[in-house]
Amino acid sequence: MTDNYVGKRVKRTEDPRLIRGLAHYVDDIALPGTLHVAFVRSYYAHAKINSIDTEAARSAPGVVAVYTGQDVSGKIGPVPCAGALPDLKVPDHRVLATNKVYFVGHPVAAVVAKDRYAARDAVDLIMVDYEELPVVTDVEEAAAGGPVIHDAFSDNIAYRLTSGEGDIDAAFAAADRTVKQRVLHRRLAPIAMEPRGVLARYFPGEEELTLWSSTQIPHLMRTQVALMIGIPENKLRVITPEVGGGFGSKLNVYAEEALLGWISMQLGKPVKWIETRRENIQATIHGRGQVGDIEIAFKNDGTLTGLRYSVFADLGAYHQLLTPAIPTLTGLMLSGAYKIPAIQMNITACFTNKMATDAYRGAGRPEATYIVERGLDLVAAELGVDPAEVRRKNFPQPDEFPFHTATGLDYDSGDYETALNKAQEIAGYQQLREEQKKGREEGRLIGIGVSTYVEICALGPSQAMPAGGWESATVRIEPTGKVTILTGASPHGQGQETSFAQIAADELGVNINDVTVIHGDTGIVQYGIGTFGSRATAVGGTAVFIAIQKLKEKAHKIATHMLEADASRVSFEGGKYSFEKAAAAAAAGTSDPVVPVGEAPAGALPEPQTDGKSSLTLQDIALAAHVAKNLPPDTEPGLSATYFFEPKNFTFPFGTHIAVVEVDRETGDIKWLRYVAVDDCGKVINPMLVDGQVHGGIVQSIGQAMYEEVVYDEQGQLLTGTLMDYAVPRASHIPNFELDRTETPSPVNPLGVKGVGEAGTIGATPAIVGAIVDALAPFGVQHLDMPIKPENVWQIINRG
Amino acid sequence: MKKAINLSVNGVSHTDEVEPRMLLVHYLRDVLELTGTHVGCETSLCGACTVMLDGQAVKSCTVFAVQADGATVTTIEGFAKNGELHPVQEGFWEKHGLQCGYCTPGMIVTAAQLLDRNPDPSREEICHGLEGNLCRCTGYQHIIEAVQYAAKKAV
């Protein structure tokens, strides 16, 4: 083992191809004879389809085929939903609409043509006769009995669920004080820069189908698509080439993925569909979409005694893969970073005439953190104390871990106060408060927001997951000594080709350039789960680590045999198995005892006979393992090991974010003054990648807090269908980040890592909103709903 | 009715017959197979398709191929010379200015133009110069540092 790579800012091995424009995303793969698919999508939010006239399209130049819902009826199974909840209503979700459309963007027909221009032209030639139906877009109206969307059900309520532990009624009855607040979590669009895309190629002779898809979960998609279109799973290969971002939006199985595979099988030709941005905002999953009421019970000294959250979750028209499960994740994290003896969550999850909501970076946890942190700010305001102190008062202490929450979780490890102290120190918190006070006297509106979050990562134990929570790895040393890693995690920008290679290079004592990480190809890689839920390193990286230990056991056995030495006298260091070193160390008494009881001392042993060698490189051993002429008895040839790692618990990263803003009295503009984030994601493999994850997450939070919102009007028309209307943050919208870390290893895995992919989107929004609200405190503001725009701020300042 | 166009792309001269409505980005990607230039929004808002057209960084999803007739185009594939990375490319690698990489070619082209016009930009000037390019992964901080690295390197 060496420590050349882990913990260091190793430059990414992915980058040379990406910065030179030589990488391949789905649309960059060109197969001869490829046909292009374009979709007719509903422009009504709710309507009956009376008829579809495809004749003009079918005879248009370049058009090869047109498929409607009737054409594929009975041939392609429903779009899957993996969320299993008691009494969950699951609508029959077909890949193309059959009798009714349920949201704007609902696919109605697919046109297949010789090029993308011809396909797009033909879409306009398809005449759909719609009969408009009453629309319900407001989740509370849907719950209260508005127009029923699905004929199969008597109402729009997909499920109700109450969860939590502790006597919540007693907690509120006995409380000195309570606070209550309605909180909105608007719908957000994930906006991966690469929209979705599928290329399908059927090989009629081999009866095999290959799907190239921009997905986060190639193996799960393969299983599901095989079931949907009726091809044996072992005849379907899913390849994720370069994936241009996901953020949860590609943690799904979509209608288009199955349909393209099926079309390729019908036509015997490669077919490609690349989502347009408009389609992406209409028909790729949205995130968030909750309206809830938070109530907190507490004592006069600030001790929290109870928390209740009653929420309406806007699921949209159909379930996608994890749609119904997302609000339940909110319920899991309602204890935040605090000791709260009684917690209750009441979910009413409803269908609306909109695109489905599902996992968007954070997936239910940002909602939890946001309401808990906003709630703590309200508690602080009620008591007239500093928001940081209310938080400090309610932290579990480091010796209280594993810490059991009233949401049923056991937090693995944590030291919340140290992270808070460090962030306050970097920010110069007391001085900031003084500057704020002084500024207010001068008429300046400075605000400081604090968030002390905890999140749930490394998803997760299989018991808590719909379809397996483990991850797999194969580590192989090729005959030439090169190291190949196959990981079931399928990264899409996170940089695991580098971070997993760092782990392997150190464990094997080889140069990182001799390690290649292969992922995202079900034809090459053993079954895996995928990259989401901040799990890739903690679960997938651990699988790599343990697979290497298995491999080293075998390599050690071969080395011992080749060196003709006693196993205990062969040691591994710097990529070499050596006899001398172990013997010398033993003679000098500087290592663990290497002489088994009853044997002669090390110095008295004969030298090993290995063609004059006293040490062997991994390469020597790999070659020997493959030529297999001199292996120990009962040893399989080859040098590889596979491990499926099942984590025993989630991991719980945490941290403190402090945002400082100044509001312009004249314009309502919100200006950044500072942003300090101290995150603790356990052991760090590559600090540069961790910083990148944190930056990206915080900026998505800035988007949520200040700019982004998917807006539907009352008729269910999408008003934010382009990037002109849906405001993703740009470079000029960000503060200069001041990042730091504390490092509390996780006991859940041998690497001690926790995960960091979603920390920014979870920890940052309450700090940002808290800062803006704090800036406006002189106007009596205690809460504002996101996104907080200059217009809202200006109205508050000028309302009277 | 197809039209003949002649243009130089990354120093190589090309003559092709294209439909008048073919977008420059589709010409580059589908005809010349230079797939480093990406399409992210089709409406000039994300900048993933940015290329140099006669010395100007333009969004090739809203330029017709016929408009580039007679022009000199540089795409991301033309930035490294003789195996040497362009300073901006080097900056992106050194400073972790990319994650998924999809916006990266457009970002690099835009950043290169920014530095051509202003070799020693302030942080604010860099942010302003990159406003036409969206990145959803990095949060921009490392991109800004990448541009600063390139500026320093070029001095």
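Hi everyone, let's start with a pair of strands. In chain A, strand 26 (residues 654-663) and strand 27 (residues 670-680) run antiparallel, and 10 bridges join them. This is a predicted model, so please keep that in mind as we go. To pick out one pairing for you, Ile658(A) has Val676(A) in strand 27 of chain A as its bridge partner. Together, strand 26 and strand 27 of chain A form a hairpin, with six residues between the two strands. If you look in the turn, you will find Gly668(A), which has a positive phi of about 80°.

Now follow the chain onwards. Strand 27 of chain A also pairs with strand 28 (residues 737-741) of chain A; these two run parallel and are joined by five bridges. Here you can find Tyr675(A), whose bridge partner in strand 28 of chain A is Phe737(A). And what kind of unit do strand 27, helix 19 and strand 28 of chain A make? They make a right-handed β-α-β unit.

Let's look at the contact between the chains. Chain A puts in 42 residues and chain B puts in 44 residues. Helix 1 (15-19) and helix 19 (687-706) of chain A each supply at least two residues of the chain A side. Which of the elements gives the largest share of that side? It is helix 19 of chain A, with seven residues.

Next, the domains. The assignment for chain A gives domain 1 (31-133 + 193-245 + 250-283), domain 2 (365-457 + 649-798) and domain 3 (470-645). The C-alpha centres of domain 1 and domain 3 of chain A lie 45 Å apart. Their contact takes 14 residues from domain 1 of chain A and 14 residues from domain 3 of chain A. On the domain 1 side, helix 7 (218-229) and strand 11 (236-239) of chain A each supply at least two residues. Helix 7 of chain A gives the largest share of that side, four residues. The side has seven nonpolar, four polar and three charged residues.

Time to go inside. In soluble globular proteins, nonpolar side chains tend to be buried together. Here the largest nonpolar core has 313 residues, and those touching the most other members are Val111(A), Ala504(A), Val544(A), Ile621(A), Ile772(A) and Val147(B). Helix 16 (residues 536-563) of chain A gives the most to this core, 13 residues. Take Ala504(A): leaving aside neighbours within four places in sequence, its contacts include Val475(A), Val515(A) and Val544(A).

Is Lys180(A) buried or exposed? Lys180(A) counts as exposed because it has 11 C-beta neighbours inside 10 Å, and the cut-off for exposed is 12 or fewer. Lys180(A) lies in strand 8 (residues 177-188) of chain A. Not counting residues up to four places away in sequence, Lys180(A) touches Asp293(A), Ile294(A) and Glu295(A).

Lys75(A) is in the loop between helix 3 (69-72) and strand 4 (100-101) of chain A. Lys75(A) is partly exposed, because 13 other C-beta atoms lie within 10 Å. Along the chain, Lys75(A) and Gly230(A) are 155 residues apart, yet their C-alpha atoms are separated by 8.3 Å.

Conventions: Residues numbered from 1 in each chain as written. Chains lettered and ligands numbered in written order. Predicted model: local features only at pLDDT ≥ 70, side-chain atom pairs only at ≥ 80, totals over all residues. Domains from an automatic or database assignment. Contact = placed C-beta atoms within 7 Å. Nonpolar A, V, L, I, M, F, W, Y, C, P; charged D, E, K, R; others polar. Core = buried A, V, L, I, M, F, W, Y, C linked by C-beta atoms within 7 Å. Buried ≥ 20, exposed ≤ 12 C-beta atoms within 10 Å, placed from the backbone. Pairing = 2+ DSSP bridges. Right-handed = clockwise from strand over helix to strand, strands pointing away.
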